[in-house]
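The stops below each begin with something to select.

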Amino acid sequence: MQTPGSQSSLHRANLERVVRAVRLAGSLTQAEIARSTGLSAATVSNIVRELKEGGTVEVTDTSAGGRRARSVSLSGDAGIVIGVDFGHTHLRVAVGNLAHQVLAEESEPLDVDASWTEGFDRAEALVGRLIAGIGVGREKVIGVGLGVPGPIDVESGTLGSTAILPGWAGINPRRELSQRLGVPVYVDNDANLGALGELVWGSGRGVKDLAYIKVASGVGAGLVINGQIYRGPGGTAGEIGHITLDESGPVCRCGNRGCLETFAAARYVLPLLQSSHGPELTMERVVELAREGDPGCRRVITDVGRHIGSGVASLCNLLNPSRVVLGGSLADAGELVLAPIRESVGRYAIPSAARQLSVLTGSLGGRAEVLGALALVLSEMGDSTLLTENVSGVRAPAVLSSVR
């Protein structure tokens, strides 16, 4: 037994600090580990050597600032994590290791009217197929990150009312998938996971405060404050789509009038063009036509950008993020939508907040949410799981392995 405050307890805590720093970053030099943990260079060097001998980390030669350095990452054999993303029309699954490498990824169409049981049946089958395809034992699965397009009640864990996947409201997605796969499941809404994906792998790298705005069938935001997703006490932070722009405007699905969503989401925007462009028009096609010069589509995207910019300006005044990343199908419009967003931010945001803000499109496209699901597991899993009996003489808790 380790006594709190004892030398062995302190050593164990330092081991976990180093593992956590590497786990969250993917890879770090020993100097970067020392800076992020506050440990001395000598202590870090000793711990890294111990972790390497125990098979927890891998060390490779690299360079930093023109000098030779040693890059530390978690061992590719330490375990795998899985990301599952349910969207309006798709199911996407990815498998990654603890060194932030994506080992396999696949998506397939998902009927928006499919029952939740069918959706989870297909997710379970796709997870099993990808694991088998990479030849990794199922006992290596440490956890699963799950993204759903709707709010999750913090207390009950149930999915709130959603117009994106009708019939799914009231289910507990964490419990359902965990029972099927036999491993811990971490669940969040798609906007938060998009923010995590871009923060770790995409356009959000290098910043600690950002907002990821997803514009698709709805409008939502994932908020990152000091490097952490901010969810609010009820789990509903980031509902930027329900900022009121016009209290006499169209009735929103939330019951209010003139929400940002009624001016920007696909279900409200597409009818503006369907009389001239046909009933089968999609947001992806609107973006494509706009890039080709279609005047009606360009006008609509410009108007949408200005409305989004008004919402972003409110975020700037309240939270002062350093970066806003635009995701969803609208992001492919590039400067056609970014320019009017920046124009509205410049007009409505406090000048000091607007000057510090950069507005970019996401670099991960439709992969942002599933990669964010991987990042969610990597950020939430416990570090003790990774410290084997060969490290510090302490056996870690067994990893659940009953993936079926």
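## The cavity

Across the whole structure, a search finds one cavity of 30 Å³ or more. On a 1 Å grid over the protein atoms alone, a cavity is a set of points where a 1.4 Å probe fits but cannot get out, while a pocket is an open set with protein on both sides within 12 Å along at least five of seven lines; lining residues have an atom within 4 Å of a point. Grid points are joined across faces, edges and corners, and a volume is the space filled by probe spheres set on the points.

Before selecting anything, note that this is a predicted model, in which local features need pLDDT of at least 70 and side-chain atom pairs count only at pLDDT 80 or more, whereas totals for chains, interfaces and linings use all residues. Residues are numbered from 1 along each chain as its sequence is written, and side-chain values use heavy atoms, with hydrogens and water left out.

Select Ile-213, Ile-308, Val-312, Val-324, Val-325, Leu-326, Ile-341 and Val-359, which line the largest cavity. The elements giving two or more residues to this lining are α11 and β12 (323–327); helices (H or I, at least four residues) and strands (E, at least two) are DSSP runs, numbered from the N terminus. β12 has the largest share, three residues. The space inside is about 30 Å³. By class, the lining has eight nonpolar, no polar and no charged residues. In this scheme Ala, Val, Leu, Ile, Met, Phe, Trp, Tyr, Cys and Pro count as nonpolar, Asp, Glu, Lys and Arg as charged, and the others, Gly among them, as polar.

## The largest pocket

Which residues are closest to the centre of the largest pocket? The pocket holds about 1,000 Å³ of space. Select Asp-190, Lys-214, Ala-216, Ser-217 and Gly-218, the closest to its centre among the 45 residues that line it. Then colour β5 (90–97), α6 (190–201), β9 (210–215), β10 (219–225) and α10 (283–291), each of which supplies at least two lining residues. The lining comprises 16 nonpolar, 20 polar and nine charged residues.

## Helix α10

Stay with α10 and select Met-283, Val-286, Val-287, Leu-289 and Ala-290, which are buried. Buried means under 20% relative accessible area, exposed over 50%, and partly exposed in between (1.4 Å probe, protein chains only). These residues cover an arc of only 165° around the axis, which puts them on the same side of α10; the arc is that of the directions from the helix axis to the C-beta atoms. Their cover includes α8 (266–269), α9 (271–277), α11 (295–319) and α12 (335–348), with contact meaning heavy atoms within 4.5 Å. Just past the helix, Gly-293 has a positive phi of about 105°.

## The second largest pocket

Next select Leu-24, Ala-25, Leu-199, Gly-227 and Gln-228, which lie nearest the centre of the second largest pocket, out of 28 lining residues. This pocket contains about 890 Å³ of space. At least two lining residues come from each of α1 (7–25), α2 (30–37), α6, β11 (228–230) and α14 (368–380). α1 gives the most, six residues. The classes here are twelve nonpolar, nine polar and seven charged.

## Helix α2

## Aromatic rings

Select Phe-86, Trp-116, Phe-120 and Trp-168, which form one aromatic cluster. The whole structure has four aromatic pairs. Rings of Phe, Tyr and Trp (its six-membered ring) pair if their centres lie within 6.5 Å; planes under 30 degrees apart count as stacked, over 60 as edge-to-face and the rest as tilted. The rings of Trp-116 and Phe-120 have centres 6.3 Å apart and planes at 75°, so this pair is edge-to-face. Both residues lie in helix α4 (residues 116–134), four residues apart, about one turn of the helix. Trp-116 is partly exposed at 27% relative accessibility, whereas Phe-120 is buried at 0%.
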